[in-house]
Amino acid sequence: MYTTIATKAKSLFTKPLFRDRRTILWLWLALSVLAALLKYNRTDNNYRIFRGVFWHTVQGTSLYESYPAEYFDVNHYGPFFSLVIAPFALMPIPLGLVFWCIALSLTLYFAVTRSTFSSWQQMFVLWFCSETLLTSLFMQQFNIAIAAIIIASYALIEKERDFWAACLIVLGTFVKLYGIVGLAFFFFSRHKGKFVLSLLFWAVVLFVAPMIISSPAYVVGQYHAWYVCLIEKNGENLASVAQNISALGMIRRMLGNPQYSDLLILAPALVLFALPYLRFKEWRNEGFRMTLLASVLLFTVLFSTGSESSSYIIALSGVCVWYFAAPWQRGKADIWLLVFVFLLSSMGSSDLYPRAIKREYIQAYSLKALPCLIVWLKLCWEMMTKSYLPRPQKLTKGQGE
């Protein structure tokens with residue numbers, strides 16, 4: 001039975017429709033427009049917060065105060081985001097919302113298709129993440145761009161374009177902090193001095209950039225306000241049902257929300273994350289470096305109190321990379337684990353499950369994190385115990401004679 005299912009699946013995805021990039025590109029564009037149209041004037045609050053970052057910067061008002069006449073909740077993105085959202089904020093809201101969703105989808109599409117992944121690997125990521133993409137688009141979230149920034153910064157370092165990799169890392173950090181995880185690829189850079197100088201250069205440029213539409217005093221003050229806002233937000237996330245959908249949140253909720261520091265979990269996780277770096281000889285193997293990329297994508301979501309359903313576009317990208325980066329043949333257990341990820345981490349917010357199950361189990365216990373956590377732990381074990389030497393290519397008839 002297993003062999004029959006696997007054979008049919010392989011046969012299906014070898015058809016031109018599924019191998020053609022244009023198919024997935026048009027699908028992602030359609031999902032972007034659909035999400036914008038369905039959410040306009042209903043649950044487009046995040047987009048209204050985002051466009052407010054630009055207008056409040058221009059007006060010189062606080063970026064982190066509440067504006068109930070404009071939207072509910074408050075902004076949690078950095079001052080530099082005012083320039084990122086500027087082209088869309090200048091449009092009428094319906095048009096800006098549509099183009100914002102399209103832009104988010106295109107950032108990840110081009111990050112994947114311009115990466116060092118092979119053609120089939122690119123298509124695998126794009127198809128596998130399509131449902132989660134729609135979830136993120138419904139929330140108009142920058143998490144889609146964060147996934148793109150992490151993948152693209154890795155690819156640029158692989159291609160020895162450290163200057164632009166540094167630009168993306170700083171940009172992601174100045175918008176939502178998550179971008180800083182791109183520094184995990186520092187040790188794979190062949191031009192470490194240039195990389196560090198590039199980071200410093202872009203840090204200065206992007207710090208100063210919002211002053212173009214405001215003033216130096218305003219920008220400095222807003223960066224301090226952002227720091228205070230993030231500290232407060234972290235405390236709020238611990239008790240929020242819609243936030244902390246992570247390994248940290250899952251463990252806390254399963255234990256009945258006891259009063260303990262997340263460092264008790266985060267510290268061992270950081271050790272597990274760092275241990276593979278000690279396998280210096282494996283650094284030269286592309287599969288090993290790709291798997292570290294997968295680890296970064298998963299770690300970013302699993303060990304952040306700010307993780308929400310829309311953040312799983314980042315984690316699922318990591319699951320895909322984990323699956324295909326290994327130079328060995330994946331077995332049945334890995335395939336079923338991939339199915340488990342899709343059914344719970346991807347579809348856990350969908351109508352696949354009755355509302356009672358979603359609210360009382362999946363949401364209440366942050367169960368979307370469970371399959372991804374299992375993948376990440378398996379990934380850590382593989383990176384510490386397996387060889388990532390590429391498999392020898394099989395000789396076809398007539399070769400080697």
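Is L272 buried, partly exposed or exposed? With a relative accessibility of 33%, L272 counts as partly exposed, because that class covers the values between the cut-offs of under 20% for buried and over 50% for exposed. Keep in mind as you look that this is a predicted model.

Together with V271, L275, L278, F280, L377 and M384, L272 makes a nonpolar surface patch of about 620 Å². Two elements each give two or more residues to this patch: helix 15 (263-274) and helix 20 (369-385).

**Helices that cross**

Helix 20 also has a packing partner, helix 17 (residues 312-325). Another pair to find in the picture is helix 11 (162-176) and helix 12 (192-208). Here are the two pairs side by side:

| Helix pair | Angle | Axes | Crossing |
|---|---|---|---|
| Helix 17 and helix 20 | about 40 degrees | 11 Å apart | left-handed |
| Helix 11 and helix 12 | roughly 45 degrees | within 8 Å | right-handed |

**Two loop residues with positive phi**

Now follow the chain into the loop between helix 11 and helix 12, where you will find L177. The phi angle of L177 is near 70 degrees, a positive value in a residue that is not glycine. L177 is partly exposed, as its relative accessible area is 39%.

N244 is another loop residue to look up, sitting between helix 13 (216-237) and helix 14 (247-254). Phi of N244 is near 55 degrees, again a positive value in a residue other than glycine. Is N244 buried or exposed? N244 has a relative accessible area of 0%, so N244 is buried.

**A helix on the inside**

Finally, turn to helix 8 (residues 119-128). How many of the 10 residues of helix 8 are buried? The count is 7, so helix 8 is largely enclosed by the rest of the structure. To spot them yourself, look for Q121, Q122, M123, F124, V125, L126 and F128, the buried residues of helix 8.

Note on methods
Residues numbered from 1 in each chain as written. Predicted model: local features only at pLDDT ≥ 70, side-chain atom pairs only at ≥ 80, totals over all residues. Heavy atoms only, no water. Patch = residues over 30% accessible without salt bridge, like charges linked within 9 Å, V, L, I, M, F, W, Y side chains within 5 Å. Areas by Shrake-Rupley, 256 points an atom, 1.4 Å probe, with all protein chains shown as cover. Salt bridge = Lys/Arg side-chain N within 4 Å of Asp/Glu carboxyl O. Helix = DSSP H or I, 4+ residues; strand = E, 2+ residues; numbered from the N terminus. Buried < 20%, exposed > 50% of the residue type's maximum accessible area, 1.4 Å probe, protein only. Axes fitted to C-alpha atoms, helices over the stretch in contact; angles between N-to-C directions. Left-handed = near helix turned anticlockwise from the far one by under 90°.
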